[in-house]
Amino acid sequence: MAGTLTSEASERPSLRERLAKSADGILEQVAREYGVSTFEAVEALPTSHRAIVPGSAFEKILAALTSWGPVVFIVHTPDIVLECEGPIPAGTFARGYFNLHGDSPIGGHIKAENCTSIAFVMRPAKRSSRFSSAAMKSETSLKSRSNSSMR
């Protein structure tokens, strides 16, 4: 049995090759299968499917997202996939967090200083644009300095 698992793993294409051949699938699941973070899976996508910018652009990007109109905001962890549809509300910094507040079902608090990168990801999907805190037609993935799931 161990020989079978080893031969299957050695026959598996690299992550970059797999995503170049077929960029569909749930990135979090693909990342788990390859033993990498969701952000590393995003980095392995073909460049035509993603753009990565420094986390220092966090406030500017979140401000721009307020003009996108309704999106599906997704939080995806191994234990939950939480989806909430609405416009990204404006936010302000207070008490160490970027606080999203306004007339939207989307709200919360983001530790912006932990955001080292922001990825805009184009994914095959039947849905409208989506903003994801991890990782889908148009998805923004936030890479965190900590081990929290801010993707």
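**Order of the elements**

Author: From the N terminus on, the elements of the protein run α-α-α-α-β-α-β-β-β-β-β-β-β-β. Helices (H or I, at least four residues) and strands (E, at least two) are DSSP runs, numbered from the N terminus. The secondary structure comes to 5 helices and 9 strands. This is a predicted model, in which local features need pLDDT of at least 70 and side-chain atom pairs count only at pLDDT 80 or more, while totals for chains, interfaces and linings use all residues. Residues are numbered from 1 along each chain as its sequence is written, and side-chain values use heavy atoms, with hydrogens and water left out.

Reader: In which sense do strands β2 and β3 pair?

Author: Two strands pair if DSSP finds at least two bridges between them. Strand β2 (residues 70-76) and strand β3 (residues 81-87) are antiparallel, with 7 bridges. P70 has P87 in β3 as its bridge partner. The two strands form a hairpin, with 4 residues between β2 and β3.

Reader: Which strands pair with β5?

Author: Strand β4 (residues 91-94) pairs with strand β5 (residues 97-100) in the antiparallel sense over 4 bridges, and F93 is bridged to F98 in β5. β4 and β5 form a hairpin with 2 residues between them, and R95 in the turn has a positive phi of about 55°. β5 also pairs with strand β6 (residues 108-110), in the antiparallel sense over 3 bridges. There, L100 stands opposite G108 in β6.

Reader: Is H76 buried or exposed?

Author: Buried means under 20% relative accessible area, exposed over 50%, and partly exposed in between (1.4 Å probe, protein chains only). H76, which lies in strand β2, counts as buried because its relative accessible area is 13%. In the protein, buried residues make up 38% of the 151 residues.

Reader: Which side chain does a polar contact join to that of H76?

Author: A polar contact is a pair of N or O atoms within 3.5 Å; within protein, one must be able to donate a hydrogen and the other to accept it, and residues adjacent in sequence count only if both atoms are side-chain atoms. Here the side chains of H76 and E28 are joined by a polar contact of 3.1 Å.

Reader: How many disulfides are there?

Author: A disulfide is a pair of cysteine sulfur atoms within 2.5 Å. By this rule the count is 0. As for cysteines, C84 is partly exposed because its relative accessible area is 24%, whereas C115 is buried, at 4% relative accessibility.
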